[in-house]
Amino acid sequence: MSEDEISIEGNLFDEPEGFFKPAPESHFSTYKRKVPHADPAEITMKLVGSSPLWGHLLWNAGIFTADYLDKNAAELVRGKRVLELGAASALPSLICAINGALRVMATDYPDPDLLSHIEYSFEELERKMNGALSEYCVRGYIWGQDLGELVHGDGERELGEDDKFDLIILSDLVFNHSEHHKLLSTCRKGLKKDGRCLVVFSPHRPHLLQEDLRFFETAKEYEFKPEKIDLVTWTPMFEEDEETVEIRSRVYSFFLIPQWD
């Protein structure tokens, strides 16, 4: 056999033992509610083992959003139609469903595994509450696409004002800089003129903080008025260089208030 020839004997295409690592398994995360006399006191979520969409973690922004909605449920949630974009763990949606929302729609990228985990969390919470949960649904949705299909299952039907949402939740989404216009287009088309968007995020890439904040300037192009709620400092999600820890510890929160008639 010459040096240029390759023998195919001996199972050449078999991968060496241990070549492929098993995919990370699903796991659970538990959120403890902060409001007095909360029932249930805890919410457990089933999360995917890994996700290129970062849906495998319960983020600080999601916890802050849940805390805020739980404390302000009477104003923001009760009797309201709620849409969450990029739900991942769907903790804010779960909080809305136990706080008397009229209807909760939790959406994320149409990945069956991701969506099935969100559905599992809702079903387990519903069992825990003996069925005393708001009407809810879990849907796959790509930002910027038609909302008639999402709400009605019919892309030919436009949303009337009564079909739109009182509250749209964007928790830890603004790091997707290329998607800002799509997110805001969905919010503009889907929000009632007397509703509001709740936007919460942490700067995961400190050197791009200004690009994160540019989202709120872009929001003005869609007739939204940004209104800052709070800026808190929490323990950052990851141990990284000390030079950026102060920025990565931040959790920003804003409302987007419609300015159209």
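**Terms and their grounds**

Trainee: Why are H6 and H7 called oblique to each other?

Mentor: In this predicted model, with residues numbered from 1 along each chain as its sequence is written, local features need pLDDT of at least 70, side-chain atom pairs count only at pLDDT 80 or more, and totals for chains, interfaces and linings use all residues. Side-chain values use heavy atoms, with hydrogens and water left out. Helix H6 (residues 180-190) and helix H7 (residues 209-221) pack at an angle of about 40°, and their axes are 10 Å apart. Axes are lines fitted to C-alpha atoms, for helices over the stretch in contact, and angles run from 0 to 180 degrees between N-to-C directions. Angles under 35 degrees count as roughly parallel, over 145 as roughly antiparallel, 65 to 115 as roughly perpendicular and the rest as oblique. H6 and H7 are therefore oblique to each other.

Trainee: Which residues make the contact?

Mentor: From H6 come His-180, His-181, Leu-183 and Leu-184, and from H7 come Glu-211, Asp-212, Phe-215, Thr-218, Ala-219 and Glu-221; contact means heavy atoms within 4.5 Å. By class, the contact of H6 with H7 has four nonpolar, three polar and three charged residues. Here Ala, Val, Leu, Ile, Met, Phe, Trp, Tyr, Cys and Pro count as nonpolar, Asp, Glu, Lys and Arg as charged, and the others, Gly among them, as polar.

Trainee: With which residue does Glu-75 form a salt bridge?

Mentor: Glu-75 forms a salt bridge with Arg-196, the closest N and O atoms being 3.7 Å apart. The pair links distant parts of the chain, with Glu-75 in helix H2 (residues 73-76) and Arg-196 in strand E7 (residues 191-201), 121 residues apart. At 24% relative accessibility, Arg-196 counts as partly exposed.

Trainee: What separates Arg-214 and Glu-211 in helix H7?

Mentor: They are three residues apart in helix H7, which means a separation of about one helical turn. Arg-214 and Glu-211 also form a salt bridge, with the closest N and O atoms 3.1 Å apart. Arg-214 is partly exposed at 44% relative accessible area, and Glu-211 is partly exposed at 29%.

Trainee: Why is Leu-94 called buried?

Mentor: Leu-94 has 0% relative accessibility and so counts as buried. The residue lies in helix H3 (residues 91-97). Leaving aside neighbours within four places in sequence, Leu-94 is in contact with Ile-43, Met-45, Ser-89, Ser-121, Phe-122 and Leu-125.

Trainee: What is noted about the phi of Ala-88?

Mentor: Ala-88 has a positive phi of about 55° although it is not a glycine. Ala-88 lies in the loop between strand E3 (81-85) and H3 and, with a relative accessible area of 16%, is buried. Asp-172 likewise has a positive phi, near 60°, and is a residue other than glycine. Asp-172 is placed in the loop between E6 and H6 and counts as buried at 7% relative accessibility.

Trainee: Which residues does a cis peptide bond join?

Mentor: The bond joins Asp-39 and Pro-40, with omega about 5°. Pro-40 is found in the loop between E1 and E2.

Methods:
Helices (H or I, at least four residues) and strands (E, at least two) are DSSP runs, numbered from the N terminus. A salt bridge is a side-chain nitrogen of Lys or Arg within 4 Å of a carboxyl oxygen of Asp or Glu. Buried means under 20% relative accessible area, exposed over 50%, partly exposed in between (1.4 Å probe, protein chains only).
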